[in-house]
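Take a look at the model below.

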Amino acid sequence: MFVKIEPRSEPSKAMKYLSPLIAAVLMLISGLIIFSLLGKNPAEAFHAFFVEPVNDLYGIGELLIKASPLMLIGTGLAVGFRASIWNIGAEGQLAVGAIFGGYFAIIFYDYSGLFILPLMIAAGAVGGMLWASIPALLKTVFNANEILVTLMLNYVAVLLLALLVHGPLKDPNGYGFPQSVLFGDSAILPVLVEGTRLHLGVFLALGGVIAGWVFLQKSFTGYQMQVAGLAQKAATYAGFKYKKLIWIGLLSGGLAAGIAGVLEIAGPIGQLLPSVSPGYGYAAIIVAFVGRLHPGGIFLSSLLMALLYLGGESGQMNLDLPSAVTGIFQGLLLFYLLAADFLIHYRMRLDRSRLEVN
Amino acid sequence: MRKTPRLQLKGMTKVYPSVIANDSIDMSIAPGEIHAVLGENGAGKSTLMKAIYGVVKPDSGQIIWDGEAVAIQNPAHARRLGIGMVFQHFSLFETLTVTENIALAMDDYKSMESLAGRIEEVSEEYGLPLDPGRLIYSLSVGLRQRVEIIRCLLQHPKLLIMDEPTSVLTPQAVRKMFETLRRLADEGCSILYISHKLDEIMELCHSATIIRGGKVTGYAVPADETATSLARMMIGKELPVCSRERPVVDGERCLEVKNLFKSSADQFGTDLKSISFSVRGGEILGVAGISGNGQQELLYALSGERLVDEKDCIAISGESVGHLKPDERRNRSLGFVPEERLGRGAVPGMSLSMNVILTAHRHGMVANGLLKFQKAAQFAEKCISDFTVKCGSKDDPITSLSGGNMQKFITAREILQSPELLIVSQPTWGVDIGAANIIRQSMIDLRNNGSAVLVVSEELDELFEICDRLIVIAEGCVSPSVNVDETSKEEIGLWMSGMFPGGPAEGTSHEATSDQESHVC
């Protein structure tokens with residue numbers, strides 16, 4: 001007996017939009033089963049994980065702080081993903097963005113003025129794009145696989161950041177700790193709501209999502225990216241410049257990640273540390289896919305993913321859960337999403353007849 | 001009936017989610033009968049044949065084989081009963097030899113050597129010479145078909161199903177195949193012959209079942225019918241005729257190809273060797289040839305999807321464009337309909353409206369880098385109404401269209417941009433007669449408006465119907481051009497084998513000619 005996988009004649013349209021929801025529900029159920037197996041009361045765990053982190057204003061602020069880089073990077077990555085350009089390197093691009101932005105915060109430490117933050121953000125954007133231009137160059141010139149190049153450059157970037165805060169960018173009066181000086185007030189994003197840590201960066205992230213929406217849904221270049229992703233031969237047939245699309249696809253991810261890096265160091269962290277991201281660059285890949293590569297969906301899925309981060313922290317504190325729990329939830333979500341998407345296009349059938357070579 | 005029919009179908013019905021492919025079809029074939037199954041594309045011929053060959057299971061109905069009801073489980077079962085099928089699209093492995101390919105489909109054979117011997121034997125016996133040791137990629141399309149036929153013959157079939165077998169053959173090769181089929185029929189093998197070519201059916205077949213929209217609309221003895229009466233049964237109305245008056249204008253040279261050399265991107269492809277020809281405004285130039293002789297490569301070079309090294313090799317309206325990308329050539333008023341519809345000519349996963357933007361964006365659909373969806377929608381509506389594309393709406397996915405309607409839509413998109421030069425590959429491949437006529441007429445109308453049209457097709461009938469001049473491509477070389485009125489299908493057929501002045505098989509003696517033919521056809 002064989003299990004046969006065959007394409008469905010007509011993939012359901014409704015399911016295409018429902019599958020992220022189905023994936024989220026299945027993730028929740030599996031999570032609760034895991035909690036029970038760990039000997040926790042599922043209801044209590046659910047409360048600690050998904051309710052407690054956001055049951056006050058401060059919590060909502062934290063949710064938005066976490067969601068901001070995710071939605072920003074997710075949108076930037078979606079631009080490339082639409083054209084089947086797989087940038088897995090947002091984590092590294094974020095780190096380089098933080099280095100570039102942080103550098104200006106440090107050299108202008110003794111200054112104050114409105115020019116510092118925009119300068120940091122611009123520098124972060126440039127840094128992220130520079131880092132992304134490496135795989136873009138290698139892909140357009142040597143046809144190097146961008147998945148491998150971007151992934152490997154993540155390690156380089158993160159170690160580069162560590163090297164710098166252990167060396168040249170280390171706070172001279174920091175008792176040897178590997179961290180930079182605490183940024184001056186002019187290099188810190190202003191807090192929006194009293195009693196929270198919610199800062200101006202959330203508007204920047206929303207602006208990025210809106211810009212991404214216009215680009216992807218309304219612009220001719222966005223259309224070209226989509227054509228290239230759906231049918232490369234059709235893009236060649238129409239004469240779209242694929243190399244240009246590769247550059248746009250990778251640089252948009254770098255741009256978004258670089259800015260997100262600055263939002264982190266100029267927001268909740270306030271200085272350069274050896275590690276400035278709890279894996280936002282990777283989580284944003286999941287955010288982009290759960291959001292169906294559509295900026296509106298990405299906005300919603302970034303909130304869900306942010307909640308998983310907060311829930312993981314809360315679970316560690318209140319329930320003695322291991323820190324791996326956030327990663328488990330993220331993995332479950334992506335796993336179920338991919339499975340649901342697969343089953344939209346294919347169905348499995350038990351097949352009794354022998355496999356026949358015709 | 002004098003004898004038990006070899007195969008009888010009773011009330012065969014197959015329903016797909018959106019369409020009834022076969023609606024209670026009855027049919028009967030006697031031993032030694034050549035029976036035509038005639039119908040337009042999408043009429044349900046293929047579904048019916050697949051049901052007989054065990055590829056699809058009918059929802060209801062009976063198959064009676066030699067007087068006994070059978071339920072055919074799968075193709076292996078069908079082969080055991082004595083049913084063989086030659087598919088329209090071959091399923092051969094290019095890197096394997098003839099013998100190895102045939103061995104893959106055989107349920108019993110002793111050794112490769114003995115199988116090769118049998119292949120030689122059978123191929124000699126039926127006048128289809130074939131070298132069992134040759135690799136498939138080195139064989140012409142005609143010879144590949146021969147492999148498929150011999151694969152069936154080795155199993156001593158009592159019923160042979162042939163699905164559109166002549167669409168890949170030269171007229172000479174068609175003659176030869178007809179001889180083989182007649183001989184098989186004389187030996188008692190029944191043949192189901194699927195085609196939409198009326199003249200072939202009238203010449204070859206003893207009887208015919210005509211199918212339209214999944215239903216049998218008539219049984220006929222083709223010899224007693226006329227093409228008109230058969231066509232009426234097949235499409236339900238008179239066969240529409242294209243009106244092709246002579247071109248009035250003798251325009252400027254619109255496309256000029258000079259000394260074009262290009263190696264193929266595909267390792268089993270055909271390199272282009274010193275190709276030169278030109279097309280003037282106000283004429284249709286046809287490129288005849290058996291597929292795989294360089295048509296793909298030529299079209300990729302002309303469209304700009306593959307650039308050529310010498311920019312002067314290709315000129316549009318006097319300007320060298322060999323170095324220009326497809327969109328830059330389109331800006332010089334080139335329109336192009338490729339033979340691959342989905343995935344090249346159209347983007348799967350996008351609506352009709354969005355598919356318009358693919359090439360028509362230069363006609364006011366982009367402003368300040370943003371798309372004007374309204375304009376695209378209007379253009380799509382015009383494509384749908386002018387070419388009677390059958391679809392739900394302009395917002396439906398392109399994949400919801402049938403092959404013929406997708407071809408109409410893509411052709412409409414290219415023609416409604418009023419190109420000065422239109423290149424069309426296989427304009428009516430797998431398209432039903434009604435749609436084919438709309439497409440052919442639209443190309444003629446474009447020519448009458450002074451545009452130059454280049455048509456690449458394997459269908460000689462079509463080329464003779466619409467073209468003013470013809471050239472032939474064989475093994476990457478093109479023949480001199482000839483006016484359609486001054487040549488014949490036989491001559492073009494010979495040219496398709498490479499026997500034209502300056503062609504790859506020029507100057508071969510008569511003896512060698514017949515040998516050559518066995519290689520090509």
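This is a predicted model: local features need pLDDT of at least 70, side-chain atom pairs count only at pLDDT 80 or more; totals for chains, interfaces and linings use all residues.

Begin with an open sheet in chain B: its 6 strands come in the order 6-7-8-3-9-10, and the pairing is mixed. Strands, like helices, are DSSP runs numbered from the N terminus; a strand (E) has at least two residues, a helix (H or I) at least four. Two strands pair if DSSP finds at least two bridges between them. Strands of a sheet pair through backbone hydrogen bonds, either parallel or antiparallel.

Now find the edges. Strand 6 (83-86) and strand 10 (215-220) of chain B each have a single partner strand, so one side of each lacks a neighbour in the sheet. From one strand to the next, the twist averages 20°. Such angles run from 0 to 180 degrees between N-to-C directions, with axes fitted as lines to C-alpha atoms, for helices over the stretch in contact.

Zoom in on one pair. Strand 7 (residues 159-163) and strand 8 (residues 190-195) of chain B run parallel, joined by 5 bridges. Ile161(B) has Leu192(B), in strand 8 of chain B, as its bridge partner.

Helices pack on this sheet too. Helix 1 (residues 45-52) of chain B touches strand 3 (34-38), strand 6, strand 7, strand 8 and strand 9 (207-212) of chain B. The direction of helix 1 makes about 150° with that of strand 7 of chain B. Helix 8 (residues 227-235) of chain B touches strand 3, strand 9 and strand 10 of chain B, and its direction makes about 165° with that of strand 10. Here, two residues are in contact if their C-beta atoms, placed from the backbone, lie within 7 Å.

Residues are numbered from 1 along each chain as its sequence is written, with chains lettered from A and ligands numbered from 1 in the order in which they are written. The pLDDT is the predictor's confidence in each residue, from 0 to 100. Chain A has a mean pLDDT of 90, and 96% of its residues reach 70 or more. Within chain A, confidence is lowest in strand 1 (residues 2-7), at a mean of 73, and highest in helix 5 (residues 116-142), at 97. Over residues 354-358 of chain A the pLDDT is below 50, and this stretch has 8 contacts in the model beyond near neighbours in sequence.

Step back to chain B. This chain holds 17 helices and 23 strands. Its C-alpha atoms fill a box of roughly 70 × 55 × 40 Å along the principal axes. Of its 521 residues, 49% count as buried (20 or more other C-beta atoms within 10 Å of a residue's own; exposed means 12 or fewer, partly exposed in between, with C-beta atoms placed from the backbone).

Where do the chains meet? The contact takes 20 residues from chain A and 32 residues from chain B. On chain A's side, helix 8 (220-230) and helix 9 (232-238) of chain A are the elements that give two or more residues.

Finish with two loops. Asp320(A) sits between helix 12 (295-319) and helix 13 (325-345) of chain A. Its phi is near 60°, a positive value in a residue other than glycine. Asp320(A) counts as exposed, with 9 C-beta neighbours inside 10 Å. Thr388(B) lies in the loop between helix 12 (373-386) and helix 13 (403-415) of chain B. Thr388(B) is not a glycine, yet has a positive phi of about 40°. Thr388(B) is exposed, with 12 other C-beta atoms within 10 Å.
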